[in-house]
Amino acid sequence: MTILDLHHEQLAQVFLSGDEEKALDYTYRLLENYPRAHVFEKVITPAMYHVGKLWENNAISVADEHLATAVCDFVLSKIESDHQTPRKKQHYKVLLFGVEEEQHYIGLKMVADTFKEHGWRVRYLGPDLPIEHSLLQIKKFRPDVIGISAALSYRIPIIKKSIEAFAQLEWKPTIMIGGRLAYKFDLSEFESSQVMVIKNIGHLTHWFKEGREESINETS
């Protein structure tokens with residue numbers, strides 16, 4: 001356990017309090033000492049998982065969970081707007097969205113921010129997007145990476161259907177599967193030379209360091 005592991009329950013309570021400025025101040029104090037991706041993975045993500053567990057255990061209401069999500073969204077948006085210091089701009093493009101009926105999007109916003117930090121052109125389409133609509137944007141934008149996210153196990157059939165559709169695209173983009181589903185369940189059956197399962201922000205940052213260009217070039 002690291003020092004950061006001790007912060008997520010405290011931050012979860014700040015989110016639940018509805019105090020946006022306190023949540024922002026708490027997060028910014030962490031960012032003074034730790035990289036953004038590390039704070040995303042070790043504090044903000046587990047904080048929101050903790051909120052989710054409280055809701056599952058009926059310790060908080062749906063309204064409480066929505067409030068915490070809204071405050072977290074505010075914090076992430078402020079971090080993005082206040083820390084626009086990307087590395088050298090890349091020609092790579094990524095398109096991100098949550099699959100149909102998937103309402104969770106906080107993780108997607110952190111992934112979008114991480115790609116932007118590495119200089120990528122990002123098109124973030126939000127949650128709950130049907131395949132046919134995502135394909136319209138994908139064909140217009142022609143991303144090098146398509147990132148899809150889901151939280152619950154009963155989204156697996158739509159994940160599979162999405163992969164099958166995107167694998168037919170002529171330029172063979174890399175397909176990334178993420179979200180709580182990827183963190184909690186074994187999705188290795190979907191992995192291939194074109195499809196990757198990204199379990200968390202740390203996994204994504206490792207991909208940037210170790211194999212970004214190679215992974216894209218292999219599937220292009």
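Two strands count as paired if DSSP finds at least two bridges between them. Strand 1 (residues 93–98) and strand 3 (residues 145–149) pair in the parallel sense over five bridges. The model is predicted. In it, five strands form an open sheet with parallel pairing, and helix 5 (residues 106–117) and helix 7 (residues 156–166) pack on this sheet. There is a largest nonpolar core of 29 residues and a second, separate core of 25 residues.

- Strand 2 (121–124) and strand 5 (195–197) are the edge strands, each pairing on one side only.
- On average, neighbouring strands of the sheet are turned by 20° against each other, direction ignored.
- Within the pairing of strand 1 with strand 3, which runs over five bridges, V94 has V145 of strand 3 as its bridge partner.
- Helix 5 touches strand 1, strand 2, strand 3 and strand 4 (174–178), and its direction makes about 175° with that of strand 1.
- Helix 7 touches strand 1, strand 3, strand 4 and strand 5, and its direction makes about 170° with that of strand 3.

- S149 lies in strand 3.
- With a relative accessible area of 11%, S149 falls under the 20% limit and therefore counts as buried.
- Beyond its neighbours within four places in sequence, S149 is in contact with F97, G98, V99, E102, L108, G178 and G179.
- F115 belongs to helix 5 and is buried, with a relative accessible area of 0%.
- Leaving out residues up to four places away in sequence, F115 touches V94, L96, W120, V122, V145, M176, L204, W207 and F208. Two of these names, V94 and V145, are also the bridge partners noted above.
- F115 and K93 are 22 residues apart along the chain, and their C-alpha atoms are separated by 9.0 Å.

**Helix pairs**

- Two packed helices are described by the angle between their axes and the distance between the axes.
- Helix 1 (residues 8–17) and helix 4 (residues 62–82) pack at about 105°, with their axes 7 Å apart. Angles of 65 to 115 degrees count as roughly perpendicular, so helix 1 is roughly perpendicular to helix 4.
- F15, L16 and S17 of helix 1 make this contact with D64, L67, A68, V71, C72 and V75 of helix 4. The contact residues divide into seven nonpolar, one polar and one charged.
- Helix 3 and helix 9 (residues 201–210) pack at about 150°, with their axes 8 Å apart. Angles over 145 degrees count as roughly antiparallel, so helix 3 is roughly antiparallel to helix 9.
- On the helix 3 side of this contact are A37, F40 and E41, and on the helix 9 side are I201, G202 and T205. By type, the residues are three nonpolar, two polar and one charged.
- Helix 3 also packs with helix 5, at an angle of about 180° and with the axes 11 Å apart. Helix 3 is therefore roughly antiparallel to helix 5.
- In this contact R36, F40, I44, T45 and M48 of helix 3 meet I106, M110, D113, T114 and E117 of helix 5. The residues divide into five nonpolar, two polar and three charged.

**Nonpolar cores**

- In the largest core, of 29 residues, L11, F15, F40, I44, C72, L76 and M110 touch the most other members.
- Helix 1, helix 2 (20–31), helix 3 (36–56), helix 4 and helix 5 each supply at least two residues of this core. Helix 3 gives the most, with nine residues.
- Not counting residues up to four places away in sequence, I44 touches L11, T27, V39, C72, L76 and M110.
- The second, separate core has 25 residues, including I163, L181, L187 and V197.

- V62 is found in helix 4.
- The relative accessibility of V62 is 43%, between the limits of 20% and 50%, so V62 counts as partly exposed.
- V62 and H38 are 24 residues apart along the chain, and their C-alpha atoms are separated by 28 Å.

Note on methods. Residues numbered from 1 in each chain as written. Predicted model: local features only at pLDDT ≥ 70, side-chain atom pairs only at ≥ 80, totals over all residues. Heavy atoms only, no water. Helix = DSSP H or I, 4+ residues; strand = E, 2+ residues; numbered from the N terminus. Axes fitted to C-alpha atoms, helices over the stretch in contact; angles between N-to-C directions. Contact = heavy atoms within 4.5 Å. Parallel < 35°, antiparallel > 145°, perpendicular 65-115°, else oblique. Nonpolar A, V, L, I, M, F, W, Y, C, P; charged D, E, K, R; others polar. Buried < 20%, exposed > 50% of the residue type's maximum accessible area, 1.4 Å probe, protein only. Core = buried A, V, L, I, M, F, W, Y, C linked by side-chain atoms within 4.5 Å.
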